[in-house]
Amino acid sequence: VANYSLSGLGGSVRPGGNPFSASSDLLYAQVNRLSTIAGINSLPLIPIGTLPDFLIGGYGTALGNVFGGRYQSIQAGVQIDLNLRNRTADANFAQSLIAEKRLRLQQAQAEQGVEAQVRNALQGVQSGRQRIVAAEASSRAAHEKLNSETRLFQTGESTNFLVLTRQNEAADSRRRAVVARLDFNKSLSRLQQVIGATLASHKITLK
């Protein structure tokens, strides 16, 4: 890996003495006073110097130092990544397996639900067909009873009450036959719905 950067420095000069040498001024003064009493030459003060002009300024000076490339920094090194065991990949793989099992379970549940709906609809169609047969048989028997009762009434062997009763029974059996056909049509529509054949049965196409 490597890194190359530029820095910008700039600022105003602090008023007063140098904070780095101020702590040793008293020590210099004491040593020179003792040196004078002892007749020894005093220690000379070492000038620190002043700041260069290109460091004195504000934000513009700092930008000028950046673009001037005065303070360059170069770093280089070697980085080695050694993964003895990739636990993150193992955890992601385990989560993927769990998600796969969950999806398979949801798919199986959906298939079972569709199968149950189809079976129920098919049973409804079969039951509706049997109810139609039974209702029509009951209707024919009721009409035969009505015809027989009418003939007896014409020969004087029956009454109006019995004839009206047979008529009501015939009408009720006919009603049950109509209801049975209606239920059969509903069951058939339900079967077409669950198997996805509603549009095709009515010859409807979508574009």
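1. Asp172 is paired with Arg176 in a salt bridge whose closest N and O atoms are 2.1 Å apart; a salt bridge here is a side-chain nitrogen of Lys or Arg within 4 Å of a carboxyl oxygen of Asp or Glu. Both Asp172 and Arg176 belong to helix 4, where they are four residues apart, about one turn of the helix. Helices (H or I, at least four residues) and strands (E, at least two) are DSSP runs, numbered from the N terminus. Asp172 is partly exposed, its relative accessible area being 29%, and Arg176 is partly exposed at 37%. For these classes, buried means under 20% relative accessible area, exposed over 50%, and partly exposed in between (1.4 Å probe, protein chains only).

2. This is a predicted model, in which local features need pLDDT of at least 70 and side-chain atom pairs count only at pLDDT 80 or more, while totals for chains, interfaces and linings use all residues. Residues are numbered from 1 along each chain as its sequence is written, and side-chain values use heavy atoms, with hydrogens and water left out.

3. Asp172 also forms a salt bridge with Arg175, with a closest N to O separation of 2.9 Å. These two residues are again in helix 4, three residues apart, or about one turn of the helix. Arg175 is partly exposed, with a relative accessible area of 46%.

4. How many salt bridges does the structure hold? There are seven. One of them joins the side chains of Glu115 and Arg119, at 2.7 Å from N to O. Both residues lie in helix 3, four residues apart, about one turn of the helix. Glu115 is partly exposed at 39% relative accessible area, whereas Arg119 counts as exposed at 52%. Side chains of opposite charge can pair when their charged atoms come close.

5. A network of salt bridges links Glu149, Arg166 and Glu169. Glu149 is located in helix 3. Is Glu149 buried or exposed? Glu149 is buried, because its relative accessible area is 9%, under the 20% limit. Leaving aside neighbours within four places in sequence, Glu149 is in contact (heavy atoms within 4.5 Å) with Ser158, Leu162, Val163 and Arg166.

6. Helix 4 covers residues 160-194, and its 35 residues should span 51 Å at 1.5 Å a residue; the end C-alpha atoms are 51 Å apart, which agrees. The expected span of a helix is 1.5 Å times one less than its number of residues. The buried residues of helix 4 include Val163, Ala170, Ser173, Gln192 and Val194. Helix 3 (87-154) and helix 5 (198-201) are among the elements that cover the buried residues of helix 4.

7. The 68 residues of helix 3 should span 100 Å at 1.5 Å a residue, and the end C-alpha atoms are 99 Å apart, which agrees. Among the buried residues of helix 3 are Gly124, Gly128, Ser139, Ala142 and Leu146. Helix 4 is included in what covers the buried residues of helix 3. After helix 3 comes Gly156, with a positive phi near 85°.

8. The largest nonpolar core consists of nine residues: Ala121, Val125, Ile132, Ala135, Ala177, Ala180, Phe184, Leu191 and Val194. Helix 3 and helix 4 are the elements that give two or more residues to this core, and the largest share, five residues, comes from helix 4. Such a core is a set of buried Ala, Val, Leu, Ile, Met, Phe, Trp, Tyr and Cys residues joined through side-chain atoms within 4.5 Å. Not counting residues up to four places away in sequence, Ala180 touches Gly128, Arg131, Ile132 and Ala135.

9. At 66% relative accessibility, Gly196 counts as exposed. The C-alpha atoms of Gly196 and Pro52 are separated by 88 Å, the two residues being 144 residues apart along the chain.

10. Leu82 is placed in the loop between strand 2 (71-76) and helix 3, and counts as exposed at 67% relative accessibility.
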